[in-house]
Amino acid sequence: MFLEVQHIVKSFHKEEVVKDLNFTLAAHQTLSILGQSGCGKTTMLKIIGGLVRPDGGHIYLNGNLIDDVTPEKRSIVYLYQEDLLFPHLNVFENIAFGLKIKKINASEITDRVHLMITSLELQGQEKKMPHQLSGGQRQRVSFGRAIITNPALLLLDEPFGSLDTGTRARMQDLFKRIASEFRITSLFVTHDLKEAILMGDHIGYMQSGKLKVYESKESFIQDDHTGVQKEIDFWKGLTK
Amino acid sequence: MKRTITLLTYFPYILAPVVFAACLSYFFLKLGLFGKPVGVFVAQFMVAFPYALIFFSSFWGEKTKSYEELVATLGGNQWQAFRKVLLPIAKNMLVICFFQTFLISWFEYGLTSIIGVGKVQTLTIKVFLFIKESNFYYGALSCRLLILPPVLLLYINKRYVFNKLI
């Protein structure tokens, strides 16, 4: 498997936040992880991204053990709920940031950034500063900045959490298209039931630091813990 | 550790400058800094630097940490995060902080007069001397000179910093 997470555990001040985390993910697939606030989702992502050191366990990426690899060398990009665009750089410069750091030549950067801007449907916005963009546009720039570096794995921590319903739906479509176009492997964390089902090729449910990955979407829907059945009953109740 | 340092930064502002200077006198005497320009420089640094730390305490929050982490996952090292992201983001704050700490030092009287023991004379101390001596002409002239640098800095700040912030 492309990503293998084995027996990861992590505690903060004697409180076990991540408990014996085990899962695998094939290349170019998205695993969406559903869970309530404070269940350990963010800690799990930060451990995989190398930003938090686990107390135990191993992570393999493309067959290589990456436990001791620093975040800048993991080729894993972590995207926060907040877009975190660099306020002193315009759209073009924000997207080009990761390439400039890797000292790629200027003409290649220009070509790749323009290609990305077209894919993100941001033509004509290149010179705008972050404060001149809408929430959806900002999130698109944030995606572009991450994807353009060709990361082996993309970690998305509730990326659409701060968007309104309409923008959120459009961003979900855009992400699906971009993920397919750039053959992205990703972990997509959300606390939105519908989003989890829509975004993932596979679905996991995290509760009190334990992650359960379901064999199929049907088994996820059937499980009472996930709350899908309650949701279905609610909508059925309205139509009666 | 961070809490202790933060608490210490307020120390120069809890005490009156003269009392603070009296507390420092013993150590400055021991170190041979009393009545020397270096001594006054160190004393003023001990007032201005904590102010700068307090001023920047809100900057070093979760968001700044997130920026650093983001740069790391994009392939950048700590130096690149500092030079290409944190420093440009903090640029305006740095200019304002410089302006304010300059004013603190520029108008400092109590601490400077005690540590400098009259041998190190700043323009602010001179103004007080001229007024005490009823030397109105020099007093007025030095007051004008005293206000020049702050006015110049205020103009630069308004022209290049505040207007960009709004």
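This briefing covers a sheet, a nonpolar patch and salt bridges in the structure above.

The model is predicted: local features need pLDDT of at least 70, side-chain atom pairs count only at pLDDT 80 or more, and totals for chains, interfaces and linings use all residues. Residues are numbered from 1 along each chain as its sequence is written, chains are lettered from A and ligands numbered from 1 in the order in which they are written, and side-chain values use heavy atoms, without hydrogens and water.

**The sheet in chain A**

- Chain A holds an open, antiparallel sheet of four strands, in the order β2-β1-β4-β5. Helices (H or I, at least four residues) and strands (E, at least two) are DSSP runs, numbered from the N terminus. Two strands pair if DSSP finds at least two bridges between them.
- The edge strands of chain A are β2 (15–25) and β5 (64–65), each pairing on one side only.
- Strand β1 (residues 3–12) of chain A pairs with β2(A) over seven bridges, in the antiparallel sense.
- Helix α1 (residues 41–49) of chain A packs on the sheet and touches β1, β2 and β4 (56–61) of chain A. Contact means heavy atoms within 4.5 Å.

**The nonpolar patch in chain B**

- Met1(B), Ile5(B), Phe45(B), Met46(B), Phe49(B) and Leu53(B) make a nonpolar surface patch of about 600 Å². Patches take residues with over 30% relative accessible area and no salt bridge; like charges are joined within 9 Å, nonpolar side chains (Val, Leu, Ile, Met, Phe, Trp, Tyr) within 5 Å. Areas come from the Shrake-Rupley method with a 1.4 Å probe; for residues, only the protein chains shown count as cover.
- Helix α4 (residues 37–56) of chain B gives the most to this patch, with four residues.

**Salt bridges**

- The whole structure has twelve salt bridges over all chains. Each is a side-chain nitrogen of Lys or Arg within 4 Å of a carboxyl oxygen of Asp or Glu.
- Lys46(A) bridges to Glu69(B), with the closest N and O atoms 3.2 Å apart. Lys46(A) lies in helix α1 of chain A and Glu69(B) in helix α5 (residues 62–73) of chain B, so the pair joins two chains.
- Both Lys46(A) and Glu69(B) are buried. Buried means under 20% relative accessible area, exposed over 50%, partly exposed in between (1.4 Å probe, protein chains only).
- Arg138(A) and Asp83(A) meet at 2.9 Å, N to O. Arg138(A) is partly exposed at 22%, and Asp83(A) is buried at 12%.

Notes: Axes are lines fitted to C-alpha atoms, for helices over the stretch in contact, and angles run from 0 to 180 degrees between N-to-C directions.
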